[in-house]
Amino acid sequence: MRKTVVIGFVGTVLDYVGKGAERWSKWRPTVCLCQQEDQIVDRLVLLHDERSRGLVSRITLDIAQVSPETTIEPREVVLQNPWDFEEVYSLLHDFAATYPFDLDNEDYLIHITTGTHVAQICWFLLAESRYLPARLIQTSPPVKRRGETLGTATIIDLDLSRYDKIAQRFAREQAETVSFLKSGIATRNAAFNRMIEEIERVAVRSKAPLLLIGPTGAGKSFLARRLYELKRQRRQLAGEFVEVNCATLRGDAAMSALFGHAKGAFTGAANERAGLLRAADGGVLFLDEIGELGLDEQAMLLKAIEEKRFFPFGSDREASSNFQLIAGTCRDLRQWVAEGKFREDLFARINLWTYQLPGLAARSEDIEPNIEFELARFAREQGEQVRFNTEARLRYLAFATTTQACWSGNFRELSASVSRMATLAESGRITTAVVDDEIERLQANWRLPGKADALAELLGDAAAELDVFDRIQLEGVLSVCRESTSLSDAGRKLFACSRKDKKQPNDADRLRKYLARFGLDWQQVSVFNQKGK
Amino acid sequence: MNSRVIPPAQHQKEPEMNMIELNGAHGEGGGQILRTALTLSMLTGIPFRINRIRAKRAKPGLLRQHLTAVSAAAAVCGANVDGAALGSTALTFTPGAIRGGDYRFAIGSAGSTTLVLQTILPALWFADAASTVHVSGGTHNPAAPPVDFLQQSWLPLMRRMRVQTELECLRHGFFPAGGGEVCAKVAPVSGKLQPLTLESRGEWRATRAVAIVAGVPGEVAKRELEQVESLLGPMDTELRSLPAREGPGNVVMVSLAYEHVCETFVAFGERSLAAETVAQKVAGEARRYREGGAAVGEHLADQLALPLALAGGGRFTTNRVSDHLRTNLDVIGQFLPVRGDISEITPGVWAVDVQPLAV
């Protein structure tokens with residue numbers, strides 16, 4: 001059977017009520033502790049100083065009478081000033097460090113009703129930080145009105161989740177926050193919901209950088225802004241939300257836009273500029289498409305994140321800014337690090353809380369709630385309530401959730417699609433005719449031919465004559481070409497390994513020859529790829 | 001050796017069930033059902049399991065005073081106990097042989113020495129040897145019969161049933177300080193218990209009031225006794241003034257002795273409760289009994305059912321049928337082949353009949 005051990009100060013005021021029989025009519029917290037019908041104190045560690053020896057021995061006798069099960073363990077301590085925080089804390093900290101706690105066999109309770117308020121505060125701090133592996137217990141005097149005679153003892157568990165009402169309060173607050181992060185959209189995709197719940201926990205507890213990965217239109221920027229608003233509501237930050245798409249920053253302008261510049265730092269720098277980092281001081285800086293940031297800017301950014309200090313362009317005076325970074329990207333940054341296009345140290349720094357935001361097609365069950373959201377937004381912005389006819393809604397949903405609907409523009413595209421239908425709707429009703437037109441429009445937009453078709457379009461009838469082996473290889477080569485800016489660029493990627501062994505790399509030539517085997521040249525391939533995009 | 005009242009095998013109503021299941025929330029739903037079950041289990045050798053202990057109470061499960069009774073019972077018969085923990089709502093008790101001997105139990109102020117004695121004394125009556133039991137703790141506790149009640153009212157009736165038990169109060173212990181001590185000397189019953197029939201009280205013999213003060217001014221006791229006499233008429237009175245270290249405490253007890261029975265009524269003094277009010281309370285109870293026609297009052301009735309059942313039968317009349325009594329009869333019926341019937345024979349008088357089951 002586990003033993004219950006209570007640790008507490010003898011109450012030099014409350015426990016000290018004289019020696020006569022009358023003492024039994026007065027409420028003494030330490031005695032009350034041992035008189036409870038529903039609790040047995042197996043051992044009572046009674047801290048006291050030299051002056052209270054007499055009190056402790058009297059209390060020991062009285063407790064033996066009311067609670068024969070209890071062993072008293074007096075601990076004499078030296079306490080010059082029980083109101084001195086530093087002294088009391090040090091004393092109790094030493095006690096916590098040296099007491100032979102036997103957690104396998106004993107449960108510990110700290111009696112906080114006796115001792116000074118300073119002692120109470122110290123007990124609490126030590127228990128809360130787990131230096132003392134104990135829960136708190138308080139005693140309170142009898143309420144005569146309720147017919148009580150002994151007083152009560154109540155355990156205070158600092159694990160708040162154990163209290164139903166408090167737990168409910170937290171759960172409600174968390175649900176509200178999660179809903180806020182999702183803009184009130186009742187999303188159904190379980191993986192997405194789990195992810196948002198984790199982001200919620202991280203967001204309210206951490207100031208560390210967040211990395212949001214996902215295709216364009218997946219809602220990275222939207223989520224970043226919501227996170228900022230949440231923190232702002234919780235009074236966790238006072239600064240601004242500063243958002244910039246790194247793809248728009250090029251050259252010197254990038255440095256200056258981000259880090260600011262000194263007056264006269266370069267031609268045209270007529271005035272000092274604070275830069276986006278300083279604008280985000282005390283707030284959130286959202287760097288979308290962080291992969292597009294130049295290597296020099298990446299180095300500066302790393303220093304700014306780590307030290308919260310950086311040099312504005314052309315300045316030899318350091319500036320400081322304390323911001324939380326949220327980075328967004330649609331790239332595989334790990335791959336970019338391997339290719340030397342992204343700094344490894346910066347990646348390591350921002351790759352702490354990394355979340356993959358799925359595209360709309362991967363969350364087809366969330367299409368319907370998002371349509372509702374978009375209609376509500378349209379109503380709010382245009383002041384016009386628009387609804388689907390039942391059949392029209394079914395038809396649109398059926399199309400939107402098929403695999404045929406690739407939603408390459410993700411939520412942004414869905415938003416545009418709903419806006420179009422809402423705008424074209426007559427007298428607030430979206431009819432099947434409106435939906436049919438919209439479906440056609442989307443299909444036309446997505447006329448990204450399927451892979452088999454792509455080759456057919458490029459090669460004509462010859463495509464049908466290809467071996468599967470060649471077809472797969474050619475498709476792969478074409479997709480690399482699509483991601484490349486020139487024949488040489490594509491060649492470098494395709495022959496990245498073998499080119500190292502060559503004195504004179506001739507990747508462009510190798511690729512040209514390969515394409516020629518199929519009767520293709522770079523011009524044809526890039527024209528075709530442009531159409532595809 | 002096993003000096004059970006009745007060999008277990010004979011008594012199990014359904015031989016395939018070797019354990020009795022009790023619902024702790026049934027009837028009175030408190031500690032009584034547990035104490036009665038402990039006594040009967042020790043005596044019959046039948047293990048029991050009680051579930052939903054005090055399920056309907058504000059603090060469900062076993063309290064300290066119940067654990068005290070369980071551990072005393074377990075000590076007396078070397079029982080195996082499962083679930084004996086504070087707050088536990090289920091308990092399994094598997095008794096061993098009852099052993100006479102010297103026992104010492106120290107219980108806290110919240111428990112009562114008399115409740116412990118009532119649990120284990122009937123078992124020790126059938127032990128293999130004589131016993132001496134010291135129990136320290138509360139002897140005069142508002143939530144239990146005081147030791148004087150056992151001495152004056154209960155034990156004389158038990159002796160008529162051939163029980164040989166002497167009970168002495170060595171030191172008084174009042175709630176909440178406790179610190180009292182009682183000592184019981186028990187000689188095993190030779191043969192069977194004598195059934196008891198107690199249909200009338202017989203002739204009045206004496207009325208007596210005792211007021212005890214400990215650490216409380218003697219004036220309080222004096223006023224209480226005066227008030228009791230003024231309400232009930234002249235009687236023997238005794239003012240017992242105890243050393244302050246046995247206190248604080250104050251109790252007034254009125255006993256009405258008749259030819260066949262002596263009833264004892266009790267009221268406790270409290271802070272901010274006038275001595276006269278305490279006296280009125282006890283005198284009121286005594287008068288209600290005196291004016292009624294039943295042989296025993298509520299508390300004695302509660303304590304008679306079990307010995308009668310052990311004796312195999314008996315009958316008494318009472319002026320009040322409490323939940324404790326009904327609960328006791330129900331539990332008894334589960335352990336022993338007897339049935340208890342309660343019938344109101346005249347207004348305000350109930351007869352309690354305990355009879356062997358017809359075979």
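This is a short walk through some local features of the structure above. Keep in mind that the model is predicted.

Let's start on the surface of chain A. F85(A), I121(A), F124(A), L125(A) and L158(A) make up a nonpolar patch there. Together they have about 390 Å² of accessible area. Which helix gives the largest share of the patch? Helix α4 of chain A, residues 117-128, with three residues. I121(A) sits in that helix.

Helix α8 covers residues 251-259, and helix α10 covers residues 295-307. They pack at an angle of about 15 degrees. Their axes are 10 Å apart. Angles under 35 degrees count as roughly parallel, so α8(A) and α10(A) are roughly parallel to each other. The crossing of α8(A) past α10(A) is right-handed.

Now the backbone. R130(A) is not a glycine, yet its phi is positive, near 70 degrees. You'll find R130(A) in the loop between α4 and β5 of chain A. R130(A) is exposed, at 57% relative accessible area.

Over to chain B. R162(B) is not a glycine either, and its phi is positive at about 85 degrees. R162(B) lies in the loop between α5 and β7 of chain B. R162(B) counts as partly exposed, because its relative accessibility is 42%.

Last item: a cis peptide bond. Which residues does it join? F175(B) and P176(B), with omega at about 5 degrees. Look for P176(B) in the loop between β7 and β8 of chain B.

Note on methods:
Residues numbered from 1 in each chain as written. Chains lettered and ligands numbered in written order. Predicted model: local features only at pLDDT ≥ 70, side-chain atom pairs only at ≥ 80, totals over all residues. Heavy atoms only, no water. Patch = residues over 30% accessible without salt bridge, like charges linked within 9 Å, V, L, I, M, F, W, Y side chains within 5 Å. Areas by Shrake-Rupley, 256 points an atom, 1.4 Å probe, with all protein chains shown as cover. Salt bridge = Lys/Arg side-chain N within 4 Å of Asp/Glu carboxyl O. Helix = DSSP H or I, 4+ residues; strand = E, 2+ residues; numbered from the N terminus. Axes fitted to C-alpha atoms, helices over the stretch in contact; angles between N-to-C directions. Parallel < 35°, antiparallel > 145°, perpendicular 65-115°, else oblique. Left-handed = near helix turned anticlockwise from the far one by under 90°. Buried < 20%, exposed > 50% of the residue type's maximum accessible area, 1.4 Å probe, protein only.
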